[in-house]
Amino acid sequence: MRQKVAVLGAGSWGTALAMVLVQNGHDVSIWGHHLDQITEINTEHTNKRYLPEIKLPVELKAVPTIAECVAEADAVLFVVPTKAMREVAKQFVEVCDNQPVIIHASKGLEQKTHKRISDVLAEEIPEAMRKDIVVLSGPSHAEEVAVGDVTTITAACENLESAKYVQMLFSNSYFRVYTNQDVIGVEMGAALKNIIALGSGALHGLGYGDNARAAIMTRGLAEISRLGVAMGADPLTFIGLSGVGDLAVTCSSIHSRNFRAGSLLGQGHNLEQVLAEMGMIVEGVYTTKAAYELAKERQVDMPITETIYKVLYENETVDNVIKDIMLRDYKSEQEFEKGLE
């Protein structure tokens, strides 16, 4: 069934997901806050800043206002940085003219409140203005989705019918969507893996090899699971697409902003230099602070997160904190499983 879908956010991921929707035969509008970008998408059918060398479908329509984008939409997909999510949701409420399904495909935790993105959306968008809130997440690089590489991700919602709706909206021969009802687990896995990707990138920048990256990914998954379960997640979610799947793809690819940012840190650049070099939002930088504070509140042991926090916010050097974490008290690997009981 052809649906009208509004995409709020014209970055790489928003654009790639809009392409999937267009290719599936839906009527798709995409909004961004840069007018030159809107003009480029409509006239040149490119988005060179975020997806260079990718030709966009001519059916994809870019619009300059949220009101025009969401008018009569069956579904509204939010793909904006975490720090902008609340404000964009407020703007959506001001112009919403019906009751669409709300979908978000962003990955992070809100600063200060430490809230998951679906909680932020639920707070800002009254129930009368939405049918449901569905999380779309999993191991995926926009650059690969845009060229039709095989990708599998998850649509998560407590209401399984809403998750199935999003599954049918996006699924095709190269983009497969699975359903999940563990919203907490899917969102926590999506957010926290960016922290571990920073660490993996830092090890790469220092010249360490596969052994070190395997170690940080495995022990990072333990941390993600501990905090996720403390928040109410199903531990099994973290061995699925939104856990180990997303962690693997983000911790080992040059397509990952967090991996690239971590690599620059490992090469000796400070945080200000890294963010200037990246030129785009690096969610892991902000999620590290939120997760560090949340772990302290919940009394959850997250040594890797704490180590990366020290590098980002306390000017510790990467090589020094690696030595510290390697020499911390020796433990049994089974303590990971005990923490999930």
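Reader: Hi! What do β7, helix α7 and β8 make?
Author: They make a right-handed β-α-β unit, with α7 covering residues 160-170. Right-handed here means that, with the strands pointing away from the viewer, the path from the first strand over the helix to the second runs clockwise. Helices (H or I, at least four residues) and strands (E, at least two) are DSSP runs, numbered from the N terminus.

Reader: Before we go on, what kind of model is this?
Author: This is a predicted model, where local features need pLDDT of at least 70, side-chain atom pairs count only at pLDDT 80 or more, and totals for chains, interfaces and linings use all residues. Residues are numbered from 1 along each chain as its sequence is written, and side-chain values use heavy atoms, leaving out hydrogens and water.

Reader: Good. In which sense do β7 and β8 pair?
Author: Parallel, over 6 bridges, between residues 151-156 and residues 175-180. Pairing requires that DSSP finds at least two bridges between the strands.

Reader: And what does Ile153 stand opposite?
Author: Val177 in β8.

Reader: Switching topic: which domains does the assignment give?
Author: Domain 1 (4-181) and domain 2 (188-327), with bounds from an automatic or database domain assignment. Their centres, taken over C-alpha atoms, are 25 Å apart.

Reader: How much area do domain 1 and domain 2 bury between them?
Author: About 2,000 Å², with 59% of it on carbon and sulfur atoms. Buried area is the accessible area (1.4 Å probe) that two parts lose on being put together, summed over both.

Reader: How many salt bridges cross that interface of domain 1 and domain 2?
Author: The rule finds 1, counting a side-chain nitrogen of Lys or Arg within 4 Å of a carboxyl oxygen of Asp or Glu. Elsewhere in the list of salt bridges, Asp246 pairs with Lys107, their closest N and O atoms being 2.9 Å apart.

Reader: How many salt bridges in the whole structure?
Author: The search finds 15. Arg86 lies in helix α4 and Glu110 in the loop between β5 (101-104) and α5 (117-124), 24 residues apart.
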